[in-house]
Amino acid sequence: MDCDVLVIGAGLAGLVAAVEAADRGLRVIVLDQEGEQNLGGQAFWSLGGLLFVDSPEQRRLRIRDSLDLARQDWMGSAQFDRPEDYWPRRWAEAYLDFAAGEKRVWLHGQGMRWFPVVGWAERGGGLAHGHGNSVPRFHVTWGTGPGVLAPFIARARAAEARVRIRFRFRHQVDELIMANGAVTGARGSVLKSDAVARGQRSSREVVDEFWFEAGSVVVSSGGIGGNHDMVRRQWPVDRLGTPPTFMVSGVPHYVDGRMIEIAEQARGSVINKDRMWHYTEGLRNFDPIWPNHGIRILPGPSSFWCDADGNRFAAPAMPGFDTLGTLKAIRNSGADYSWFILTKAIIKKEFALSGSEQNPDLTGKDIPLLLKRLGKNPPGPVQAFMDKGEDFVIRDRLEDLVEGMNALSGEGRLSLEHLRQQIEARDREIDNSFSKDAQVTAIRGARNYLGDRLMRTARPHRLLDPKAGPLIAVRLNILTRKTLGGLQTDLNGRVLELSGEPVPGLYAAGEVAGFGGGGMHGYNALEGTFLGGCIFSGRIVGRSIGT
């Protein structure tokens with residue numbers, strides 16, 4: 001054999017699996033179709049959010065969390081309802097135990113730290129036993145995505161120095177090798193070296209072939225978000241309507257789903273293909289890195305949200321509350337986009353952009369730059385999109401704003417009077433402490449949390465108040481991101497056949513396995529659970545493989 005463990009994919013899950021296996025004395029080869037500059041994969045571009053349960057950060061902010069409450073939220077969001085959800089449910093239960101137990105201590109011991117204000121993501125907005133986080137749980141890593149990767153890259157380089165791990169970049173797997181019913185390695189194409197910057201489209205020119213034999217193979221190649229044709233083929237039409245004609249990509253082009261189909265050919269079962277997680281607040285990046293590069297807005301709760309015809313969405317389709325519920329409402333409207341209407345007072349406090357490159361203060365651990373978020377103007381990356389992004393319209397009067405919105409879309413679908421009527425009705429609800437408006441109630445509820453009042457939720461005000469202006473409209477595109485289904489695995493990370501029996505020698509970790517089991521999130525995610533799912537599943541595989 002060339003190695004004991006062959007890991008396909010040098011992203012976060014693959015790195016964790018590799019270092020955990022190497023620490024057990026196993027010889028590991030890590031393959032990746034991209035160059036060394038992409039070590040860490042998609043996780044590098046992330047905001048670095050991790051879900052913890054009853055953390056010190058939560059307790060300092062008087063957030064009362066518990067494993068029971070987190071389990072209620074997870075299961076209410078996942079809504080497991082299929083026979084094949086047996087392993088996903090067990091992975092969910094195991095992950096919750098990890099998130100409420102040793103996860104933070106283990107990561108802290110490796111040098112990871114977190115921003116002290118815990119974010120309240122994906123709030124749900126429905127019933128207590130339904131979808132959403134009952135309390136803030138989103139812990140942003142100090143250093144964002146690169147900060148999450150750092151300890152595992154350091155461990156991998158140390159293992160590489162001991163010749164326990166060998167990296168083989170620009171190696172694209174085309175087939176898993178089978179012998180006597182077991183997976184015994186992989187063969188594929190060596191791609192031409194390409195010095196493009198991290199995340200940019202790289203060459204697919206083949207210059208050689210390779211063949212590696214191994215005791216076990218780990219597939220950790222990510223999801224399908226960069227392959228829009230595959231996203232549309234697997235789109236859940238019955239739940240979310242027809243797939244969009246136009247979407248922006250929240251992940252690089254190499255997140256293409258190739259290895260999912262290759263693992264299927266090796267008898268691996270793929271379940272829950274129709275479960276996926278795409279965002280509704282995507283911006284077209286004015287300075288793109290990968291093709292069709294989109295950036296997600298992380299909104300506070302105050303923006304007026306309407307469809308392409310100017311019809312305000314009903315709760316729980318409110319900013320930051322129910323991602324897939326809002327996606328369904330957008331698709332039911334018959335358009336690929338929607339609109340935020342807000343004020344400068346809202347955007348400077350409530351808009352953040354997802355991604356390490358859009359948060360130089362957190363990524364660079366720059367406290368003076370971070371403190372500027374509390375100033376009178378929007379953060380620098382947000383201001384750059386206001387100045388250069390094609391999805392923004394900024395005007396002093398509603399009449400001019402609507403004219404600009406219609407010009408931007410080129411469709412003329414918006415009626416000034418229709419929008420004015422709804423916005424004025426919303427503004428009247430602000431004028432007293434009572435309200436029947438669910439969003440106004442939610443805004444006031446958010447400000448009961450110290451973290452939101454300080455950094456994420458503007459003081460309630462009338463949108464048409466000139467003192468809060470100018471008015472801002474933002475066209476929101478659907479942005480592809482996460483694959484919630486995938487290769488079915490047991491609690492050791494072994495890939496299972498449709499019969500339920502393990503495929504000998506084949507393991508999977510990370511997004512390619514639905515972050516565990518073939519979809520531990522079920523239908524909905526609580527956020528902060530994607531990187532955590534990669535870490536958890538990679539750790540399990542690295543510690544169990546070869547035993």
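Modeller: The expected span of a helix is 1.5 Å times one less than its number of residues, and helices (H or I, at least four residues) and strands (E, at least two) are DSSP runs, numbered from the N terminus. The model is predicted, with local features needing pLDDT of at least 70 and side-chain atom pairs pLDDT 80 or more, while totals for chains, interfaces and linings use all residues. Residues are numbered from 1 along each chain as its sequence is written, and side-chain values use heavy atoms, leaving out hydrogens and water.

Biologist: How do you know that the length of helix 3 (residues 67-78) agrees with its number of residues?

Modeller: Helix 3 has twelve residues, which should span 16 Å at 1.5 Å a residue, and its end C-alpha atoms are 16 Å apart, so the two values agree.

Biologist: Which residues of helix 3 are called buried, and what covers them?

Modeller: Buried means under 20% relative accessible area, exposed over 50%, and partly exposed in between (1.4 Å probe, protein chains only). In helix 3 the buried residues are Ala 70, Asp 73, Trp 74, Met 75, Gly 76, Ser 77 and Ala 78, and their cover includes helix 4, where covering rests on contact (heavy atoms within 4.5 Å). After helix 3 comes Gln 79, which has a positive phi near 55°.

Biologist: Why is Met 405 counted as buried, and which residues does Met 405 touch?

Modeller: Met 405, which belongs to helix 15, has 0% relative accessibility, and therefore counts as buried. Leaving aside residues up to four places away in sequence, Met 405 touches Trp 339, Ile 341, Val 393, Leu 414 and Ala 473. Its C-alpha atom is separated by 9.9 Å from that of Ile 472, 67 residues apart along the chain. Among the other buried residues of helix 15 are Leu 398, Leu 401 and Val 402, and the cover over the buried residues of this helix includes strand 14 (337-343), strand 16 (392-395), helix 16 and strand 17 (471-483).

Biologist: Helix 4 (residues 86-100) and helix 19 (residues 530-544) pack at an angle of about 100°, with their axes 11 Å apart. What makes helix 4 roughly perpendicular to helix 19?

Modeller: Angles of 65 to 115 degrees count as roughly perpendicular, those under 35 as roughly parallel, those over 145 as roughly antiparallel and the rest as oblique, so the angle of helix 4 to helix 19 makes the pair roughly perpendicular. Helix 4 contributes Trp 91, Ala 94, Tyr 95 and Phe 98 to the contact, and helix 19 contributes Gly 532, Gly 533, Phe 536, Ser 537, Arg 539 and Ile 540. The classes are six nonpolar, three polar and one charged, where Ala, Val, Leu, Ile, Met, Phe, Trp, Tyr, Cys and Pro count as nonpolar, Asp, Glu, Lys and Arg as charged, and the others, Gly among them, as polar.

Biologist: Helix 1 (residues 12-23) and helix 6 pack at an angle of about 40°, with their axes 9 Å apart. Why is helix 1 called oblique to helix 6?

Modeller: The angle of about 40° falls among the rest in that scheme, and therefore helix 1 is oblique to helix 6. Their crossing is left-handed, and the contact includes Leu 12 and Leu 15 of helix 1 and Val 148 and Leu 149 of helix 6. By class this contact has eleven nonpolar, no polar and three charged residues.

Biologist: What is the phi of Val 163, and how do you know whether Val 163 is buried or exposed?

Modeller: Most residues other than glycine have a negative phi, whereas Val 163, which is not a glycine, has a positive phi of about 60°. This residue sits in the loop between helix 6 (144-161) and strand 5 (165-169), and Val 163 is called exposed because its relative accessible area is 58%. Lys 365 likewise has a positive phi, of about 55°, without being a glycine, and is found in the loop between helix 12 (360-363) and helix 13 (367-371). With 47% relative accessibility, Lys 365 counts as partly exposed.

Notes:
Axes fitted to C-alpha atoms, helices over the stretch in contact; angles between N-to-C directions. Left-handed = near helix turned anticlockwise from the far one by under 90°.
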